[in-house]
Each structure stands twice: as structure tokens, then as C-alpha cells.
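Colleague: Before I use the labels in your notes, I would like to hear what each one rests on.

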Amino acid sequence: MSTQGITAWLDRATRNLALARARAAQWVAFYRHYTTNTAKLDALKQGCESRQPQPAPQPDLLARLVESYLVETSLQPRDAGDAYAICAELKEVIHRYWEPYLSAIERRDAQGLQQLFNSFFRNGGATYFGIGDFNSTHGRLGLQDGNRLLKMSYINRVLQHLEVWSSLTGERQYDRLGIPSIGNPFGYLHDGQVILSVAPRVHYYSVTTAQLLAHRQRRVVAEIGGGFGLYAYYLLRDEANTTYVGFDLPESLLMAKYFLLNSLPGKSCFFLEEGCLDALDYDALLHAYDVILLPHYLLPRWPEQSVDLCLNSASLGEMPSGSVNEYLRHIDRITRTYFLHENYRQRVKGYWTGDNGFVDNDYIHAVLTTHSAFELMTREQHWDETLEARLYRKPELSRVPAEVGG
Ligand SMILES: C[S@@+](CC[C@H](N)C(=O)[O-])C[C@H]1O[C@@H](n2cnc3c(N)ncnc32)[C@H](O)[C@@H]1O
């Protein structure tokens, strides 16, 4: 090699070495920040402390929930086809986290079910609803024993969502995001308020709904895939003259019924019970109840043009395209004004099984953006301008999360 060649090689090597050093320093700084911020870690610890009240036994309510679940599952049409089938991830969740609930139902063990509900947020009852697995040491959150990096990533996600929530709603009153201590919820303690990880996002839907429907004296809002009922809770807590209709799988409805019946004791709630399907008058339900919770397979029976706004979040994006099309068809059929949706930009493979690396940043990015279902819809054959006019698309928030707070 010539002297010139050697000099060029040395230059390159020195540059690469400097670059590698800078990168290593960045990683060390990143890691140190994420693992030594004791104030934030303490706030998470406090937010995870048990606040379990001693709930009064509710044998009648629990017996009704058992019966209702059995009615819903027994009426589920076997030939509903792929459109109403559940995805592999959800089957895994049912098997991994909800099995104790379903066994208690099978045994008709109302007391056992009550005990499970007392710790609903911590024993896996709410895991699929964006809450995270409280006990997992190597799961996404690892809140109890998990490593600091995971905890800081959780904290930063909550803080980033709070920032977005604040900028979109103009709110700084963090108690707006609070929920009653039902099922021993946990989260990040911010300004004296325990913030459930999904609270800012879901509360934003409720605020947006109220804004969009402000001109209406009486509002009917439907949701498909509402999880444990957080959107319904915020909406009915804050907005008078509102009827909420939720369609979901019987397993998720079970959780929503428990949460909503306890958190909104003044509201009347309808769900399927023995014998009531035959004589069901859907229009009459709308006048008689504040909350109506129905199994997903009854969506095709819901009256046309009867709801003002329909919401779907973090749900259609997880379904096969056959289900998405079927749901969109019915959303279009039943909805008078707006379809508000927010879904994953892309499916994350192995999300629940954890066998593929799951990047938190992608999750935040995905949750805060509209997703490919929107594009999918525009490609649908039945797509027309009327449908497009009814579709409300929230402002795109596609920035990757910046680090928040000091
Ligand atoms: C990840 S959770 C999202 C909960 C809530 N919407 C949110 O934004 O946090 C997905 C919801 O979709 C529901 N879901 C999944 N597959 C469904 C299907 N085929 N039909 C109706 N709901 C379904 C689940 O039961 C659950 O309530």
C-alpha cells in the first residue's frame, strides 16, 4: 500500500473510531437517563401502590354477569363466518389472561369472579385493553420487578400521551383523567393523579365526541371494541343526554359490564339476559337506557342511521380484512354523522407472544396516527363520497415520541 493509501486508511479508521465513541457515549447517556431518573421511577412506584378499597359483596350483580355471559355465548351464531371471528392474538389473551374469569363463570362461582374483579387491572383482566401486564417481569412493562429501562419507557409513553392530550384538548386538569378505584387500577402518578396508560388517548376521544356532537340535544354514540369501557365511562361521566351503545365480544363485554355498572351507578345499563333477545326492541332500548352493551354479532341487527357517532380505536387494525369490511359496512349503515377511528398503522407480529422484538416507539407512533384501515377503506369497492364525507379524520400526529419532561 502507498503512503497515501495508508494515510487515507488511517483517516477513515480515526473517523470511524470517533463515531463509534460518540455513539457509545450517546447510548451510555441514554441508558443513564432512562435508568437513574429516580423521581420518575418513584412516581411510577407510587402510581402502582395498591389502592384497593374493600368492595361490598355484590352476589346479585355477579350472578347476573355470569348469566349474561352464558346467554351471549350460547346465542352466538356458529355460522357467523370469518367476519365475526377473533384473531389469534385475542385467542392467546383469552387463554393466557382471561381463563380464570371464564373458569369461574363455568363453575358459576360468583364469589370467585368477584375476587378476580377486585384486582381486575392487576391480574390480567385488563391486559388486552392497552393496560399492560402488571406482574410480568420480562413483559413490556415489568412494573413490579422489571428493569428500569422498561419502566422508563412506560413512563415516557404516559408523559408523551399526556403532552399530546394537553395540546389537543387544552386541558391541564389531570383529575379529568381519573377513574374510580374499581379493580385496583395502576399507572403513573402525575400531579397527584394516577394516570392509567390509556387514559389521555381515550379521554381525548370523549372530548372530541362531545365537541363534534355539541349541537345535538340528545346524542347516541356507538363503539365497536370498547375494551373495559373507559371511553363510555368518560363520555357518560362528563356529558348529559348521551346514550352509549357498545358492541364487543362477550369476554370483553364481561369486563365492561363490571367496570361500568360500578363506575356509573346512576346510569341505567342494558345487557342480554335470559329470554330477552326474542322480544328485543332496539329502538325502545335507545330511549330506555344510558348504556347498552351488546355482543358483536348483534351489530347487523342494530337499526339504520340510529347513532350520531361511531368510534373504533385500537381494534379494527387488529382484525382480518374480512372483519374490517363487515364492520365498516355496518358502521356506515348505522351511523348518521361521524365515524371516528384510530388504529394501528400496521400489525405488530408476535405482539402478544413476545417472540418478535416489539418497539415501544412504533407503538406510540402507531397509536397516535390514523392507520392503513383508512387507506384500506378508500380502496373498498363500496367506497363513495357520502361515506367519505361522514368520515372524520383526526389530525395526523405522526411524530416519533420526543423525550418528555426533565
Ligand atoms: C386492544 S382493545 C382496544 C380497546 C379500546 N378501544 C382502546 O382503544 O383502548 C381491542 C378491542 O377490540 C375488541 N375486538 C377484537 N376483535 C373483535 C371483533 N372481531 N369484534 C368486535 N370487537 C373485537 C376487543 O374485544 C377489545 O375490546
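Predicted model: local features only at pLDDT ≥ 70, side-chain atom pairs only at ≥ 80, totals over all residues.

Colleague: Why are H4 and H5 called roughly antiparallel?
Modeller: The axes of H4 (residues 88–106) and H5 (residues 110–118) cross at roughly 160 degrees. Angles over 145 count as roughly antiparallel, so H4 and H5 are given that label. Their axes come within 8 Å, and the crossing of H4 past H5 is left-handed.

Colleague: Which residues of H4 and H5 meet?
Modeller: From H4 there are Pro-100, Tyr-101, Ala-104 and Ile-105, and from H5 Gly-112, Leu-113 and Leu-116. The contact has six nonpolar residues, one polar and no charged ones.

Colleague: What makes Asn-184 partly exposed?
Modeller: Asn-184 has 19 other C-beta atoms within 10 Å. Buried needs 20 or more and exposed 12 or fewer, so Asn-184 is partly exposed. Asn-184 sits in the loop between H6 (148–169) and S1 (188–190).

Colleague: And why does Asp-191 count as exposed?
Modeller: Asp-191 has 11 C-beta neighbours inside 10 Å. The limit for exposed is 12 or fewer, so Asp-191 counts as exposed. Asp-191 belongs to the loop between S1 and S2 (193–195).

Colleague: What is the phi of Asn-184, and what is that of Asp-191?
Modeller: Asn-184 is not a glycine, yet its phi is positive, about 55 degrees. Asp-191, also not a glycine, has a positive phi of about 55 degrees. Most residues other than glycine have a negative phi.

Colleague: Which residues come nearest to the ligand?
Modeller: Of the 21 residues around the ligand, Gly-225, Gly-227, Ser-252, Ser-313 and Ser-315 do. By class, the shell has eleven nonpolar, nine polar and one charged residues.

How values were computed. Residues numbered from 1 in each chain as written. Near = placed C-beta within 6 Å. Nonpolar A, V, L, I, M, F, W, Y, C, P; charged D, E, K, R; others polar. Axes fitted to C-alpha atoms, helices over the stretch in contact; angles between N-to-C directions. Helix = DSSP H or I, 4+ residues; strand = E, 2+ residues; numbered from the N terminus. Parallel < 35°, antiparallel > 145°, perpendicular 65-115°, else oblique. Left-handed = near helix turned anticlockwise from the far one by under 90°. Contact = placed C-beta atoms within 7 Å.
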